[in-house]
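Please read them with the model open.

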Amino acid sequence: MNFEDILYEVRNGVAWITINRPDKMNAFRGQTCDEIIKALNKAGYDREVGCIVLAGAGDRAFCTGGDQSAHNGNYDGRGTIGLPMEELHTAVRDVPKPVIARVQGYAIGGGNVLATICDLTICSEKAIFGQVGPKMGSVDPGYGTAFLARVVGEKKAREIWYLNKRYSGPEAVAMGLANVCVPHEQLDAEVQKWAEEIGERSPTAIAIAKRSFNMDTAHQSGIAGMGMYALKLYYDTEESREGVKALQEKRKPEFRRYAK
């Protein structure tokens with residue numbers, strides 16, 4: 001497969017899928033999502049692959065969510081909101097192998113959602129987690145909210161979304177958003193170590209375990225699907241567009257001016 005927005009490499013039985021848009025803080029556009037989905041399916045059914053790593057190129061960001069330069073009420077790809085988010089999230093959850101999020105910098109917005117739904121998250125001391133949706137005229141009405149509450153608890157999930165604070169790697173570990181935080185220079189070695197250890201386990205047992213974990217929250221796929229339609233309607237409002245305008249004009253948004 002030829003990819004433009006991502007890098008795909010297999011290292012000793014571990015498939016590394018790297019978002020390769022460091023100039024955009026590894027924010028994804030429609031094409032990026034499609035390529036990640038294809039790469040996940042490729043790795044998921046490759047008998048030589050035992051584990052998958054989802055990463056971001058460069059040192060600044062794992063992923064910062066949807067590319068705002070490709071967003072004006074609708075993104076530039078397919079799907080309900082111009083991004084196949086339901087399909088991307090489903091691919092991460094349904095691929096029959098564990099997916100490890102390697103977070104070396106910002107995991108913000110949709111990037112934070114990706115890190116949340118990956119099976120495991122390993123971060124460096126330079127990692128920063130958080131949500132910005134309500135500050136930007138956006139929200140994740142599916143796994144990024146409902147599933148996040150399962151991961152970190154209701155109170156913490158609401159704090160993350162209502163206040164849009166940023167959290168360090170150690171704080172992410174403390175709340176259960178990440179498994180472990182290591183020195184930055186040790187991140188790749190630690191991720192590869194975990195992935196290779198998983199690759200030594202019974203692949204069928206691992207696949208069954210993953211399916212079993214997912215069954216408990218499978219209903220959230222329906223929530224996400226319905227939520228994306230609500231989000232599409234929200235993106236068509238001046239209130240939502242104010243977030244993008246404010247970002248472009250480098251000013252504080254005035255959401256209440258347009259709220260009904």
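1. Terms for angles come first. Angles under 35 degrees count as roughly parallel, over 145 as roughly antiparallel, 65 to 115 as roughly perpendicular and the rest as oblique. Axes are lines fitted to C-alpha atoms, for helices over the stretch in contact, and angles run from 0 to 180 degrees between N-to-C directions. Helices (H or I, at least four residues) and strands (E, at least two) are DSSP runs, numbered from the N terminus.

2. Basis of the note. This is a predicted model: local features need pLDDT of at least 70, side-chain atom pairs count only at pLDDT 80 or more, and totals for chains, interfaces and linings use all residues. Residues are numbered from 1 along each chain as its sequence is written, and side-chain values use heavy atoms, with hydrogens and water left out.

3. H5 against H6. Helix H5 covers residues 143–152 and helix H6 residues 154–163. Their axes come within 7 Å and cross at roughly 135°. H5 and H6 are therefore oblique to each other. The crossing of H5 past H6 is right-handed. Here a crossing is left-handed if the near helix is turned anticlockwise from the far one by less than a right angle, and right-handed if clockwise.

4. Residues between H5 and H6. Contact means heavy atoms within 4.5 Å. H5 contributes Gly144, Thr145, Leu148, Ala149 and Val152. H6 contributes Glu154, Lys156, Ala157, Ile160 and Trp161. The residues of this contact divide into 6 nonpolar, 2 polar and 2 charged.

5. Trp161 deserves a look. It lies in helix H6. Trp161 is buried, with a relative accessible area of 6%. Buried means under 20% relative accessible area, exposed over 50%, partly exposed in between (1.4 Å probe, protein chains only). Leaving aside neighbours within four places in sequence, Trp161 is in contact with Gln131, Gly133, Pro134, Val139, Asp140, Gly144, Thr145 and Leu148. Gly133 is 28 residues away along the chain, yet the two C-alpha atoms are separated by 7.5 Å.

6. H5 against H10. H5 also packs with helix H10 (residues 220–235), at an angle of about 150° and with the axes 9 Å apart. That makes H5 roughly antiparallel to H10. Tyr143, Ala146, Phe147 and Arg150 of H5 make the contact with Gln220, Ser221 and Ala224 of H10. The residues here divide into 4 nonpolar, 2 polar and 1 charged.

7. The six-stranded sheet. This open sheet of 6 strands has the order E1-E2-E3-E5-E7-E10, with mixed pairing. Two strands pair if DSSP finds at least two bridges between them. Strand E1 (6–11) and strand E10 (180–182) stand at the edges with a single partner strand each, so one side of each is left without a neighbour in the sheet. The twist averages 20° from one strand to the next. Helix H1 (residues 30–44) packs on this sheet and touches E1, E2, E3 and strand E5 (99–103). The direction of H1 makes about 15° with that of E1.

8. Strand E2 (residues 14–19) and strand E3 (residues 51–56) pair in the parallel sense over 6 bridges. Ala15 has Ile52 in E3 as its bridge partner. E5 and E7 are also parallel, over 4 bridges, and Arg102 is bridged to Ile122 in E7. E7 and E10 pair in the parallel sense over 3 bridges. There, Cys123 stands opposite Cys181 in E10.

9. Buried or exposed: how do the residues of strand E7 stand? 5 of the 5 residues of E7 (residues 120–124) are buried, so the strand is largely enclosed by the rest of the structure. Leu120, Ile122 and Ser124 point one way from E7, and Thr121 and Cys123 the other way. Helix H3 (residues 110–117) is mostly covered, with 8 of its 8 residues buried.

10. The four-stranded sheet. The order is E4-E6-E8-E9, open, with mixed pairing. Strand E4 (61–63) and strand E9 (166–168) stand at the edges, each with a single partner strand, so one side of each is left without a neighbour in the sheet. Neighbouring strands are turned by 25° against each other on average, direction ignored. Strand E8 (residues 128–130) and E9 run antiparallel, joined by 3 bridges. Gly130 stands opposite Arg166 in E9.

Definitions and conventions. Nonpolar A, V, L, I, M, F, W, Y, C, P; charged D, E, K, R; others polar.
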